[in-house]
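Here is a short report on packing inside one protein. Look over the sequence and the structure before reading on.

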Amino acid sequence: MSLSSSSPSTLPLQQDSKEAQVLKYHNQTKHSFRNYARGPHGLDWANQPNPFRRFDSASPLVPLLHPPPPDQTPPPYSSVFLDLPPPKPISKSTISQLFFDSLAISAWKTTGFSTWSLRVNPSSGNLHPTESYIIAPAIDSVSDTAFVAHYAPKEHSLEVRAEISSGFLPKFFPKDSFLIGFSSIFWREAWKYGERAFRYCNHDVGHAIAAVAMAAAELGWDVKILDGLGYEDLKKLMGLEIYPEFEIPARPVKGKFPVIEFEHPDCVLVVFPNGAGEFSVNYRELSLTISRFSELNWKGKPNVLSREHACWDIIYRTAEAVKKPLMIEHKFSVDPFHSSKLFSENSYKGLTVSEVVRKRRSAVDMDGVHVMQRDNFYQILLHCLPSGSQNGGKQGRQLALPFRVLSWDCEVHAVLFVHNVAGLPSGLYFLVRNEEHFDDLKKSTRSNFKWAKPDGCPNDLPLYELTRGDFQALAKRVSCHQDIASDGCFSLGMVAHFERTLQNNSAWMYPRLFWETGVLGQVLYLEAHAVGISATGIGCYFDDAVHELLGLTGSSFQSLYHFTLGSPVLDKRIMSLPAYPGPAIDS
C-alpha cells in the first residue's frame, strides 16, 4: 500500500468562533511529507525551561515519605483491574504513596556532563509541562488545617500555598475525599516543539490523570474528573490568579516574556474512598464557594523558568478558545466499577502497582526481533477497553480502570500495525473502543478492508483484522520516518471521533480528546512493563498520511497520538541513579 504526498486535508471553519480557532490550530499543526508544523530551527539550550516549578517565599516545604512503608502486602498490578481493594484512610503515608506512585521522580540518568530526571508520569520530550496541586482536609504531620498545596516532585514535598475552611470538602464530597488539580506551562513544551506543543501538553495531562487514577486504585480510592467546573473556577481553586494576564502577540516572537511561564488550569479530580456510593455535586454551589478562594492569603511567588522565551501565538489563542465555562447542569455520576477481563493470567510477572508504575520508562529504540505472545497481545488490548468486561454488552461508556475517571463516553479508537506477534499475521488491525462508532468507521474507511475477528481473539474484544501484509516500512514512514515505529512488536495510531464530538460539545472538548489519548497511552506504558517489555509515545507523525492509509477523508476521524510497544535497546553509556535524594541540580 502506497501513500501520496498530498497536502493536508482541510476542516470546515466558521469565522469568528472558538471552534474555528481550534480547527485552525489542528490544521496548522499537522505534520506532512512536505513540511512539518512550525517550530524552532534549533534548541536554545541556554534557555531550556527549568522542569521544576517552585513557589519562593511560600511556607516551608512539607517533606513527604520516600518511599512510604507499606502497612500490608500491596495488591498485584493485575488485581486492581478486577476490583479496587478496601480504601485506606487519608494520612501522610497514603498521600505520600499517591504522589510517589504517580507524579514523583522515578530515577535520575547521567552520562558525561549531563544529568536529568525521569518521572513516574511520562511527558513528551521529558519536558513536563504539567504541574499538580492537592486540596485536602487537615492531615497529621502535613497541615493542622485544610489546605491547598503545590506538589514539588524533585523534593517529593508539598508547598502549602493557602489554608482553607475545614468545611469546604465535607460540604460537597464524601468523607475522606480530596482534590488533585492539574495545570500546564505551555512554554516548557513549546521551547522544543513550537506550535505543536499544545497537543503534547494535553497528552501529558491525560498521562497524569491516568497516573493518579492508578496510584489511587492501589490505595482503594476511586477518582472522577469534576468536569462541570469552568476555567475560572479551576484558576481560583489552585491559586493561579497569581499570574498576570498574558497579552497574546499578533505573530510568533522572541524576547523576554516571563509572563509566558503562567500556568493554564486544565482540570481537577476528586479522589474518594472506594465504596463511598453514589453522590452528586452541586456545581452552582461549588463554584460560588470557590469564588471566595480569591480572598485567601496565597503564599509564594513562582520561580522563573527561563531568561528568554519564544512565543508561538497560535498556542495561546487556542488555549483561550478551549476555556470551558461553568456548566451547572453537568451531571456528576459515579458508576459501578467494571472489571476488565483477565484473559491470560500468566502474562503478568506478579509485580505490584507501585513496581510497575515506577519501572515505567519511555523506550528510545526497539530491538526489532522480539516476538510477543498472542495471549499477551490480547491481554494488553483487553485492558485498553473503556467499559471493561461487558459479557456481551457494547464498549463505549468509560467504566473500567483508569478510563472511569473521565466524564464522557469513549471517543478514541486505535489502528494497529502488527509486526511481531506470534500466531497473528502481520498486518493492519483496528480496535473499536466505542462500538456505537463501528458503522461510521466501516463506512469511512477503505471498502476492501476485511473487518474480520482474528484467530483466538476473545469474544468481547472488538479487534478486527483490516488487511494482511508487512507494514513495518509504512509504520515507520507515517511516524516521521522513526525506526521505533517499525522495530517493536506492534505500533498504533489513536484515531478520535473528531468532528461530531466537537460539534456536539464545543471547542473545550478539543483538549479532552488528547487527554483521552493520554489515558490510553498510560495504560499501554504500564501494560508493556507489566509483561516485561517497554513502550513509548510518538507525537511526531504525518497526520493526513495516516488518514489516507485508512481511507479517511474529511474530519470525521482524526489521528491524535501514536504509540509503539516492543523490547527496548538499552544505552549502556547511561547510568541510573536513585530517585531520592537526587542531585542538587534543576534538570
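## Aromatic pairs and core packing

At 13% relative accessible area, phenylalanine 262 falls under the 20% cut-off, so it counts as buried. The model is a predicted one. Phenylalanine 186 is buried too, with a relative accessible area of 3%. These residues form an edge-to-face aromatic pair. Phenylalanine 186 lies in helix H4 (residues 186-193) and phenylalanine 262 in the loop between strands E10 (253-255) and E11 (264-273), so the pair ties together parts 76 residues apart in sequence. Both rings belong to a cluster linked by ring pairs, which also includes Tyr25, Phe198 and Phe514.

The whole structure holds 35 aromatic pairs. Two of them are set out here.

| Pair | Centre to centre | Angle between planes |
|---|---|---|
| Tyrosine 77 and tyrosine 348 | 5.7 Å | 65° |
| Phenylalanine 186 and phenylalanine 262 | 6.3 Å | 90° |

The tyrosine pair links distant parts of the chain, 271 residues apart. Tyrosine 77 counts as buried at 1% relative accessibility. Tyrosine 348 counts as buried at 10%.

Charges also meet rings. The charged end of arginine 196 sits over the ring of tyrosine 541, 4.8 Å from its centre. Arginine 477 lies over the face of phenylalanine 33, at 4.3 Å from the ring centre.

Now the core. The largest nonpolar core has 186 residues; Phe168, Phe377 and Leu416 touch the most other members. Helix H14 (residues 509-530) gives the largest share, 13 residues. Beyond its sequence neighbours within four places, leucine 416 contacts residues including Phe377, Leu463 and Phe490.

Helix H5 is largely enclosed by the rest of the structure, because 22 of its 22 residues are buried. Just after H5, glycine 220 takes a positive phi of about 80°.

Methods: Residues are numbered from 1 along each chain as its sequence is written. This is a predicted model: local features need pLDDT of at least 70, side-chain atom pairs count only at pLDDT 80 or more; totals for chains, interfaces and linings use all residues. Side-chain values use heavy atoms; hydrogens and water are left out. A nonpolar core is a set of buried Ala, Val, Leu, Ile, Met, Phe, Trp, Tyr and Cys residues joined through side-chain atoms within 4.5 Å. Buried means under 20% relative accessible area, exposed over 50%, partly exposed in between (1.4 Å probe, protein chains only). Helices (H or I, at least four residues) and strands (E, at least two) are DSSP runs, numbered from the N terminus. Contact means heavy atoms within 4.5 Å. Rings of Phe, Tyr and Trp (its six-membered ring) pair if their centres lie within 6.5 Å; planes under 30 degrees apart count as stacked, over 60 as edge-to-face and the rest as tilted. A charge sits over a ring if NZ of Lys or CZ of Arg is within 6 Å of the ring centre and within 35 degrees of the ring normal.
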